[in-house]
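Which contacts deserve a look in this model?

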Amino acid sequence: MKLNINGKVRDLQVEADTPLLWVLREQAGLTGTKYGCGVAQCGACSVHVNGELQRSCSVPVGSLKPADRIVTIEGLSPNASHPVQKAWAALDVPQCGYCQSGQIMAAVALLKKNPNPSDQDIDAAMTNICRCGTYQRIRAAVHQAAEGKVKS
């Protein structure tokens, strides 16, 4: 199976019903995307497929085409320089950090669709679960990235 992951076409030997999450982690070696619940509820496994946020634990690779563009947290920027990543670091958002790659991918998707979200917009779009409860810092980081107030 050929998959375009982070701009690189990879030829991977996988069964069609294998969840994208496991292909990313086990075959492609991209471990930034995390396993959380396995039923598309928590969002730790969030990636972008053709610019749309997807919970990779529920996407069978057989449903993807070679032309589909998959972007993981590793592909968001080469050195954590994406404005959302910089806001996350500036505001010290992560506590344990486990869910944060999925949170960041969700925030990027939100800001692509709504570059100036309200608190209500953020709360509605950011459905990922953070067991540490860093939701206030997540919201602040989304606002900071949207406002372009992130320092280099």
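Arginine 139 is buried, with a relative accessible area of 18%. The cut-off explains the label: buried means under 20%. This is a predicted model.

**Around arginine 139**

Which side chain meets arginine 139 in a salt bridge at 2.9 Å? The partner is aspartate 123, and the distance runs from N to O. Aspartate 123 sits in helix α5 (residues 119-125), while arginine 139 belongs to helix α6. The two residues are 16 apart, so the pair links distant parts of the chain. Aspartate 123 has a relative accessible area of 44%, which means partly exposed. Salt bridges with shared partners also bring in Asp119: Asp119, Asp123 and Arg139 form one network.

**Other salt bridges**

The structure holds four salt bridges.

| aspartate 11 | lysine 2 | 3.9 Å |

Glutamate 52 lies in strand β4 (residues 52-55). Lysine 113 lies in helix α4 (residues 100-113). The pair therefore ties together parts that are 61 residues apart in sequence. Lysine 113 counts as exposed, at 63%. Exposed means over 50%, so lysine 113 falls in that class.

Lysine 2 pairs with aspartate 11. At 44% relative accessibility, lysine 2 is partly exposed.

**Helix α3 against helix α6**

Helix α6 also takes part in a helix packing. Helix α6 spans residues 135-147, and its partner, helix α3, spans residues 83-90. How do the two helices pack? Their axes are 8 Å apart, at an angle of about 135°. The two helices are therefore oblique to each other. Their crossing is right-handed.

Helix α3 makes the contact through Pro83, Val84, Ala87, Trp88 and Ala90. Helix α6 contributes Ile138, Ala141, Val142, Gln144 and Ala145.

Notes. Residues numbered from 1 in each chain as written. Predicted model: local features only at pLDDT ≥ 70, side-chain atom pairs only at ≥ 80, totals over all residues. Heavy atoms only, no water. Axes fitted to C-alpha atoms, helices over the stretch in contact; angles between N-to-C directions. Helix = DSSP H or I, 4+ residues; strand = E, 2+ residues; numbered from the N terminus. Parallel < 35°, antiparallel > 145°, perpendicular 65-115°, else oblique. Left-handed = near helix turned anticlockwise from the far one by under 90°. Contact = heavy atoms within 4.5 Å. Buried < 20%, exposed > 50% of the residue type's maximum accessible area, 1.4 Å probe, protein only.
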